[in-house]
Structures are given as structure tokens and as C-alpha cells.
Amino acid sequence: MTPSSGNLVRVVYAAAALLTGAALAATLWQGVDQPGNALAFGAFIAVGELARWGALPGEREPAPLGAAGALAYALLGECAGRPTTHGVLQVVAVVVAAALAGAVPHVARESGPALGHVARRVLTVGFAAVCFQPLYNSGELERWVGHGAGYALFLLLLLVLTALCDAVLAAAMLRARTSYPYGPLLRDELRALLGIGSTVCATGAVMALAVAVAGLWALPVFCVPLLLAQLSFRRYAAVRTTYRQTIASLARATEIAGYTQPGHARRVAALSTAVGRELGLTGPDLTVLEYAALMHDIGQLSLVDPVPEGATATLPVAEQRRIALLGGAVVRQTGVPAAVAVVVEMQADPYREQPLPARIVRAVNAYDDLAGGSGGTAGGALSALEQLRLGTGRDYQPEVVESLARVLARGGLAPVPPG
């Protein structure tokens with residue numbers, strides 16, 4: 001974590017803590033307005049947090065049910081035709097209490113950044129409540145926009161602003177946890193708004209409108225489809241994880257056969273992914289990069305005599321190209337995306353003819369070979385980087401090498417451990 005990102009996280013935590021303290025103190029002092037509404041929405045949010053599952057590093061934390069319920073309570077102006085009396089501070093207090101109750105099992109299992117998740121939820125819901133509750137409760141919103149198209153446009157604008165606030169905070173928290181560049185992380189979060197993010201925001205608004213007309217019975221009606229959708233997302237994530245594990249197991253064939261050093265493919269994949277994020281790759285491009293990095297040496301299985309220590313970076317260019325083409329042919333038979341095979345096939349080409357993922361994998365693979373893999377020292381790492389810099393005329397893109405150097409510097413030039 002860099003000093004600037006650490007300061008940002010402390011600011012986020014401090015703001016969430018101040019808002020939470022004020023909300024809890026005011027609610028305890030004044031009592032809970034309309035406790036039935038507060039209990040129903042609190043239970044809804046807690047169930048959503050219990051159903052949340054931890055995200056992989058660098059990915060969005062999935063909790064659509066809890067997020068939709070919290071947003072609905074922040075935008076609630078009526079319940080079964082009767083005006084609500086809760087204000088901004090009670091919204092925050094109920095959301096915090098429910099989120100913490102639902103986060104207890106996750107904290108006990110140490111499965112995810114529960115504290116950062118709750119802090120982000122507090123600030124985004126607080127933002128929505130501040131923009132809606134005072135205007136609605138004072139009657140100003142009705143005088144300004146009425147109950148027709150103007151009211152719908154106001155809710156739409158508020159939802160967009162709330163989603164942007166959440167995306168900015170989510171990217172900042174991921175930046176602090178992973179040290180990846182903020183710009184690509186923010187682009188990932190904004191891209192997610194077009195999918196699950198927009199669904200959550202729309203569901204929260206519709207839920208608030210439904211409760212205003214039908215009362216609290218609308219909550220279980222919305223709970224079931226959201227839980228089913230969350231279950232579907234979880235199964236999709238499990239399938240994707242299994243698929244990645246299958247590719248990683250296939251990549252280990254070269255290690256088991258003695259063609260490459262133990263942990264080489266995993267080290268190259270981890271370091272390539274970090275360099276890719278440093279260079280701004282996101283989403284599917286990162287997936288292609290990771291799979292290609294795991295399988296970049298699979299062409300060595302066709303060799304009669306293994307390359308000493310599996311170090312293809314020291315081979316003649318013609319031999320490197322032959323191994324790369326053989327590897328690409330094998331990859332095309334595994335069912336992975338064709339872009340992965342292209343990256344593997346172009347490993348020995350001049351970097352100006354390669355796509356960016358191929359440039360990254362080639363530089364990182366050469367670094368691991370030249371640095372001595374898991375046994376490399378800091379001096380060996382520096383020597384390997386110097387050799388890469390000397391090869392930037394043809395073999396390695398200078399920007400990739402410098403990005404690799406920055407990633408290694410953040411880790412103290414320590415090689416990725418074998419696995």
C-alpha cells in the first residue's frame with residue numbers, strides 16, 4: 001500500500017466512522033421512528049450481507065441483495081401510503097447495524113474485507129439518503145418535481161450519482177488493497193455499473209416505490225428473485241474458478257515432467273497479471289493474459305530433451321519460435337479462447353509485432369528465467385532487469401520492462417514464491 005492510498009483509506013474510514021457515530025448516537029438518543037419499517041429493512045439487509053461471498057483479489061465485492069435493500073431504505077418516503085418519518089441518520093444507523101450483523105460470519109471466517117465493505121456501504125447509502133430524505137420529508141421535492149416524470153427523472157439522476165459515488169469508493173479501496181493503478185480499477189467499476197450495478201440501483205428504487213404502495217409485504221417479493229440471482233452469480237463464479245484451476249493444473253504438466261522449474265508457470269502468471277494491471281489491462285484482457293502466462297511453456301512437452309532448467313529465454317530465436325508454435329497448437333486443443341493461443345504462439349516474435357499480453361508474458365518469463373526463479377536473489381533480479389533493458393531494441397518493449405521493474409520494486413524485488 002502506497003502512502004497516498006493509505007491516507008485515502010484512512011479518510012474513507014474516518015468519514016464512515018464519524019457518520020456512523022453520529023447516526024447511532026442520534027438514533028439511541030431520539031429513539032427509532034417507525035421501528036417496524038426499520039426492523040424489516042434491517043433484516044432484509046442483514047440477509048443480503050449473510051448471502052454475500054468474498055471476491056477474488058481485484059474484483060468487485062458481490063452483495064446485490066444487501067445493496068438494493070440499503071438503497072431502498074434510503075429512498076423510502078412512504079409505506080403503504082403513509083409518510084415515513086425516519087431521517088438520514090436513522091437510515092445510516094439501520095444500514096450499519098444490519099451490515100455488521102450480516103458481516104459477523106464473514107469476519108469469523110476471515111473471508112473478505114468486511115470493514116472496507118461496510119465503510120463503503122455507509123458512505124454511499126448516506127449520500128443517497130442526504131440527497132433524498134430532507135427534500136422528501138420537507139415537501140420540497142414534491143413542490144419542485146411533483147409525482148410524475150419529474151420525480152422519476154430525479155430518482156434516475158440520484159441513482160446515477162449514487163452509483164458513481166460507489167464506483168469511486170470501490171476503486172479507491174481496491175487500490176489500497178492491491179496497489180494496482182487507480183484508473184484501470186475505476187474503469188472496471190464503471191463498466192460493472194452497466195451490469196450488476198445498474199440492476200442493483202434500479203431494484204432498490206423500484207423496491208422503495210413498491211413498499212410505498214404495497215407496504216412491507218413487497219420486501220419478501222423482491223427478496224426471492226434477488227437471492228436466486230445472487231445464487232446464480234455464485235455458481236458462475238465457482239465454474240470460472242474451477243475452469244481456471246483446470247488450466248493451472250494443465251500448465252503444471254511441464255513441471256511434473258521436469259521440463260520447467262517448480263512454480264515457474266504460477267510465478268509468471270502472477271507477475272504478468274500485476275504488470276498487466278500496471279499497464280491498464282482490465283477484464284477479459286487480464287483473463288487472456290493470465291491463461292497465456294500459465295500455458296506459455298506447454299510447447300516444451302514436445303521436446304525430446306528438456307531445456308536446461310526450462311529457461312527458454314536463453315535459447316536461439318528459431319528454437320524459441322518452434323516451441324511457441326507447438327505450444328499454441330496444444331493450447332488450441334484445450335478449449336480456451338483463441339486469443340490465448342495467439343499470445344502463446346507469438347512469444348518469440350519481435351515485440352513490435354506482438355499484442356500487449358504477449359509482450360508482457362515474454363518479458364516476465366525471461367525475467368523469471370534470468371533471475372533464477374524461486375531461488376533468485378535481489379542481485380539476480382537486478383541483473384535480470386538489466387539484461388531485459390539491454391534487449392529492448394527487439395525482444396522486450398521498454399514500457400513493459402519498466403512496468404515490471406515498478407511492480408518488483410513494490411515487492412522489494414522478491415520473486416513470487418513457488419507453488
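Predicted model: local features only at pLDDT ≥ 70, side-chain atom pairs only at ≥ 80, totals over all residues.
**Ground rules.** Residues are numbered from 1 along each chain as its sequence is written, and side-chain values use heavy atoms, with hydrogens and water left out.

**Overview.** I looked up the secondary structure and got 17 helices and 2 strands in the protein chain. Those are DSSP runs numbered from the N terminus (helices are H or I, at least four residues; strands are E, at least two). Of the 419 residues, 51% are buried. Here buried is under 20% relative accessible area, exposed is over 50%, and partly exposed is in between (1.4 Å probe, protein chains only). I also checked contacts (heavy atoms within 4.5 Å). Among those between residues at least 6 apart in sequence, 72% join residues at least 24 apart.

**Helix 2 on helix 9.** My axes are lines fitted to C-alpha atoms, for helices over the stretch in contact, with angles from 0 to 180 degrees between N-to-C directions. Angles under 35 degrees count as roughly parallel, over 145 as roughly antiparallel, 65 to 115 as roughly perpendicular, and the rest as oblique. From helix 2, Ala40, Phe41, Phe44 and Gly48 touch Leu219, Cys223, Leu226 and Gln230 of helix 9. I sorted the residues of this contact by class and got 6 nonpolar, 2 polar and no charged. The classes: Ala, Val, Leu, Ile, Met, Phe, Trp, Tyr, Cys and Pro are nonpolar; Asp, Glu, Lys and Arg are charged; the others, Gly among them, are polar.

**Helix 3 on helix 8.** Next I took helix 3 (residues 64–74) and helix 8 (residues 182–214), which pack at about 40° with axes 8 Å apart. That makes helix 3 and helix 8 oblique to each other. On the helix 3 side I noted Pro64, Ala67, Ala68, Gly69, Leu71 and Ala72; their partners in helix 8 are Ile196, Val200, Cys201, Thr203, Gly204, Met207 and Ala208. The tally for this contact is 10 nonpolar, 3 polar and no charged residues.

**Salt bridges.** I found 13 of them in the structure, taking a side-chain nitrogen of Lys or Arg within 4 Å of a carboxyl oxygen of Asp or Glu. Glu402 and Arg389 pair at 2.9 Å, N to O. This bridge links distant parts of the chain, with Glu402 in helix 17 (residues 398–410) and Arg389 in helix 16 (residues 378–390), 13 residues apart. Glu402 is partly exposed at 33%, and Arg389 is partly exposed at 33%. Arg252 reaches Glu255 at 3.8 Å between the closest N and O atoms; Arg252 is partly exposed at 44%, while Glu255 is buried at 14%.

**Helix 14.** Last stop was helix 14 (residues 338–345), where Val340, Ala341, Val343, Val344 and Glu345 are buried. I traced what the buried residues of helix 14 pack against: helix 12 (283–295), helix 13 (317–332) and helix 15 (356–371).
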